[in-house]
Structure formats: structure tokens, C-alpha cells
Amino acid sequence: MFDVDGTLLLSDRALGGYELLPGACELLSALRERNIPYALLTNGSAYPPHEQAAKLRLTGLPVDDAQMITPSSVAADHLVRKGIRRVLVLGARGVGYALQHAGIQTLYTGESDTRTVDAVYVGWHPDCGMKDIEAACDAIWAGARLYTASDVPFFASKKGRTIGYSFAIIGAIRRLTKAPVTVMGKPSLHALRFAAKRLGIPTANVAVVGDDPIVEGLMARRGGATLFAVTTGVTSREEWLRQPPARRPDRVLKRLDDLLPVATRAR
């Protein structure tokens, strides 16, 4: 299971342009040829999975729609199982697509009575304003639960470390409401279990490949998965090796395609 930003590619801040990282295309192509299952799990929620997969295919990455997992994929599955049917979405329209596709009524700031929702779901929202924050708080004070795609402060991009919008938005909402938040993306076990189910294997059999110890590192260690670290994102080799046991990788890769012999042996 691969992280995307900082592991397979680097995007620009607007998420419009992609730069493939060394070995990414070669590794995924080789895995496909050997019938070794893989999935991509991003914390990005701007696009529905099928749109994100299509964008990545244009770069040359062999990614089917079903292999692309976003936090909204996880959220849709989780919210349906929890019986949540009406959600206020703080995010771009793509953030709520998977929820709507799963039969959940999705509302946005200014639509209908957003105070009567069952939950608030926060995702990619670069245009978030105070009316969004106020609508979310009003819904939570009326009894709605709080969920977020990501609660990670930074991700890797072409310009280096870039802030995660949902982290800042959740910070504002929680400072006002003191509401607990459930994270749908990495490093939550919700995300790891969803990905493992998609791959058809137990979480302990998943190999997590990523660039961030507080994201992929924590998730892998919490779920008993194997962790392969890359140094093309936010973390250097030296920083990976200094991680405590709760985030320490099983191996730090020099190049992504160094993983191929390991994957082949495991298969």
C-alpha cells in the first residue's frame, strides 16, 4: 500500500501538476506484471478516487480506479456502517463525492438547514472561511459528530513542506467546540483496515510504503503492518533512523524499486 505525495510523486500546491519520483512507475508496473496486489492510499481528498486515478494514469502510473483510496472512500464506508445519513461537508465538491455515491445526503455551507446534520466532515478546503467554521460549530453544538479526512499538519509537494488545510480547519473548530474528532485518513486504523480489505488480506500482511513517520509510520506500527520508508518526501534517512519504536521503519529504501525483490519474495 503506497502513499502518494512524497512517495510516488510530488504535486504542486494546486494539485494540478505531478512530478513522478524515481522508480515509481517501474515498481508499480512490475508489481502488476507479477500479479502482486497494491493500492494507493492518499490523505488528499480534493478529487473522487476515479478522478484521482485518471490523473495519475496520465503521468504513466498504472493505477485502476479501484486501486485508488482517499479518506472520503474510508469515510463513506464508516459513516454508512454508523448509520449516519446526513452530513455537512467542509470541502471542495470532490470531498463529498464518495459520501454522496454511498447514499449519504451531503450539504455544504449555506444549503438548507445544516444544523440538523448527523455529522460534519472536513476535507480539502482551500477557500474555507468563517461562515464554514460557524456552520460546522453550530451543527456540532446541535449534536453532530466531527470527522476529518486528515489531521496532519504538512505534506510533501514540489515546493517542499506544504500545510494541510483540514488540520488548520479542525484546529479552529475544536478550539470553539472542544469536540472529539475521528480521522478517516492516515494514520488512522480505519484507513489501514479499509485498504487491507480492498487488498483482500489481513492488516498484518500489508506492506506500507510512505515518507512520513507521523502518518504512514504510526499507522503501520499501530496496525502491525510492515513499514518501508522513503526519503523523497518530508523525512530524511537520518530522521527515519532516529524515530522511536512507535514510528520506526522496518527498512529505509534508497529507491522505490528497491522494494521489488522484497515484494517478489513475499509473494
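How many aromatic pairs does the count come to? The count comes to two, where rings of Phe, Tyr and Trp (its six-membered ring) pair if their centres lie within 6.5 Å; planes under 30 degrees apart count as stacked, over 60 as edge-to-face and the rest as tilted.

This is a predicted model: local features need pLDDT of at least 70, side-chain atom pairs count only at pLDDT 80 or more, and totals for chains, interfaces and linings use all residues. Residues are numbered from 1 along each chain as its sequence is written, and side-chain values use heavy atoms, with hydrogens and water left out.

## Aromatic pairs and charges over rings

F2 and Y38 form an edge-to-face pair, 6.5 Å centre to centre with 80° between the planes. The pair links distant parts of the chain, 36 residues apart. F2 sits in the segment before β1 (9-11), and Y38 in the loop between α1 (24-33) and β3 (40-41). Helices (H or I, at least four residues) and strands (E, at least two) are DSSP runs, numbered from the N terminus. F2 is buried at 3% relative accessible area. Y38 is buried too, at 4%. Buried means under 20% relative accessible area, exposed over 50%, partly exposed in between (1.4 Å probe, protein chains only).

The rings of W124 and Y165 have centres 4.8 Å apart and planes at 65°, so this pair is edge-to-face. W124 lies in the loop between β7 and α5 (130-141), while Y165 belongs to helix α6 (residues 165-177), so the pair ties together parts 41 residues apart in sequence. Both W124 and Y165 are buried.

Charges also sit over rings. The rule asks for NZ of Lys or CZ of Arg within 6 Å of the ring centre and within 35 degrees of the ring normal.

| Charged residue | Ring | Distance from ring centre |
|---|---|---|
| K55 | Y47 | 4.5 Å |
| R93 | Y108 | 3.9 Å |

## The five-stranded sheet

Five strands make an open sheet with parallel pairing, in the order β6-β5-β7-β8-β11. Two strands pair if DSSP finds at least two bridges between them. β6 (105-107) and β11 (181-183) are at the edges, each with a single partner strand, so one side of each has no neighbour in the sheet. The twist averages 30° from one strand to the next. Axes are lines fitted to C-alpha atoms, for helices over the stretch in contact, and angles run from 0 to 180 degrees between N-to-C directions.

β5 and strand β7 (residues 119-122) pair in the parallel sense over four bridges. L90 stands opposite V122 in β7. Helix α3 (residues 71-81) lies across β5, β7 and β8 (145-148), at about 165° to β7.

V89 is found in β5 (residues 86-90). V89 counts as buried, with 1% relative accessibility. Leaving aside residues up to four places away in sequence, V89 touches V95, G96, T106, L107, Y108 and Y121. Contact means heavy atoms within 4.5 Å. V89 and R175 are 86 residues apart along the chain, and their C-alpha atoms are separated by 19 Å.

## The three-stranded sheet

An open sheet of three strands has the order β12-β13-β14, again with parallel pairing. Its edge strands, β12 (207-210) and β14 (251-252), each pair on one side only. β12 and strand β13 (residues 226-229) are joined in the parallel sense over four bridges. V208 stands opposite L227 in β13. Helix α8 (residues 213-223) lies across β12 and β13, running at about 160° to β13.
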